[in-house]
Amino acid sequence: MTTSGSTGETMARAAERLRSAGMRVTVPRMAVLMAVSDSEGHLDADSLRGLAQRITGRLSLQATYNVLRALTDAGLVRTTQIAGHPARYETERHDNHHHFVCRACGSIRDVECAVGAAPCMEPRLPADYDTQEAAVTFWGLCPGCRAAAPLSG
Ligand SMILES: [Zn+2]
Ligand SMILES: [Zn+2]
């Protein structure tokens with residue numbers, strides 16, 4: 001349960017973040033941005049839609065995708081595409097982190113940038129390529145799934 005007071009406060013903060021990113025402030029944008037910030041990260045659009053609807057009332061999945069794309073383009077939200085999963089969204093922190101995905105349960109956790117700065121690793125490319133970032137997905141088993149299936153790890 002959220003009191004109307006604290007919701008008003010976080011909505012004001014969301015509006016401020018939209019404005020400072022040069023975006024027009026709308027209720028769906030505030031609601032989706034709040035849903036992303038309040039989550040522990042890596043929710044898909046449908047889960048975020050469920051959270052945002054507490055504020056917006058009915059919000060279509062397409063509208064949610066449109067808002068998420070606009071927030072991503074504005075640099076407020078980071079979108080991660082992982083093979084075989086719907087896109088995941090989290091607050092953009094510009095920390096160049098990577099992801100570990102559990103093959104068994106699909107849980108996702110952040111992996112710190114191995115080097116500390118983008119692009120994190122040197123690709124074998126001719127010198128005239130300007131490499132700016134690397135997004136790495138590590139696949140394996142989380143501790144819980146390893147314990148449940150000790151022979152497969
Ligand atoms: Zn797992
Ligand atoms: Zn992440």
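In this predicted model, R146 is an exposed residue, because its relative accessible area is 53% and the cut-off for exposure is over 50%. R146 belongs to helix α5, which covers residues 143–148. Its C-alpha atom is 9.6 Å from that of C102, although 44 residues separate R146 and C102 in sequence.

| Residue | Relative accessible area | Class |
|---|---|---|
| C102 | 1% | buried |
| C105 | 45% | partly exposed |
| C142 | 16% | buried |
| C145 | 16% | buried |

The number of disulfides in the structure is 0.

**The site of ligand 2**

The zinc ion (ligand 2) has protein donors of another kind: H42 (NE2), E90 (OE), E90 (OE), H97 (NE2), H99 (NE2) and D110 (OD), at distances of 2.0 to 2.4 Å. Is the geometry of this site octahedral or irregular? With 6 donor atoms and angles of 55 to 169° among them, the site of the zinc ion (ligand 2) is irregular. The angle of 55° accounts for this, because an octahedral site requires opposite donors over 155 degrees apart and all others between 65 and 115. The donor residues follow the sequence spacing H-x47-E-x6-H-x1-H-x10-D. H42 is placed in the loop between α2 (27–38) and β1 (43–44), whereas E90 is in strand β3 (residues 88–91), so this pair ties together parts of the chain that are 48 residues apart in sequence. H42 and E90 are both buried.

Leaving aside residues up to four places away in sequence, T80 touches A87, R88, E90 and H99. T80 is located in strand β2, residues 77–80. With a relative accessible area of 9%, T80 is buried, as E90 is.

H94 is not a glycine, yet its phi is positive, at about 55°. A positive phi of about 55° is likewise found for N96, also not a glycine. Most residues other than glycine have a negative phi. Are H94 and N96 buried or exposed? H94 counts as exposed because its relative accessibility is 64%, over the cut-off of 50%. N96 counts as buried because its relative accessibility is 13%, under the cut-off of 20%.

**Helix packing and overall fold**

Helix α3 (residues 45–56) and helix α4 (residues 61–73) have axes that come within 9 Å and cross at roughly 100°. α3 is therefore roughly perpendicular to α4. On the side of α3 the contact involves A45, D46, L48 and R49, and on the side of α4 it involves L61, T64, Y65 and L68.

The chain contains 5 helices and 6 strands, in the sequence order α-α-β-α-α-β-β-β-β-β-α. Along the principal axes, the C-alpha trace spans about 50 × 45 × 25 Å. Of the 153 residues in the chain, 34% are buried. Among contacts between residues at least 6 apart in sequence, 45% join residues at least 24 apart.

How values were computed
Residues numbered from 1 in each chain as written. Chains lettered and ligands numbered in written order. Predicted model: local features only at pLDDT ≥ 70, side-chain atom pairs only at ≥ 80, totals over all residues. Heavy atoms only, no water. Disulfide = S-S within 2.5 Å. Buried < 20%, exposed > 50% of the residue type's maximum accessible area, 1.4 Å probe, protein only. Axes fitted to C-alpha atoms, helices over the stretch in contact; angles between N-to-C directions. Helix = DSSP H or I, 4+ residues; strand = E, 2+ residues; numbered from the N terminus. Parallel < 35°, antiparallel > 145°, perpendicular 65-115°, else oblique. Contact = heavy atoms within 4.5 Å. Donors = N, O, S within 2.8 Å, 3.2 Å for Na, K, Ca; no water. Tetrahedral: all angles 85-135°; square planar, octahedral: opposite > 155°, others 65-115°.
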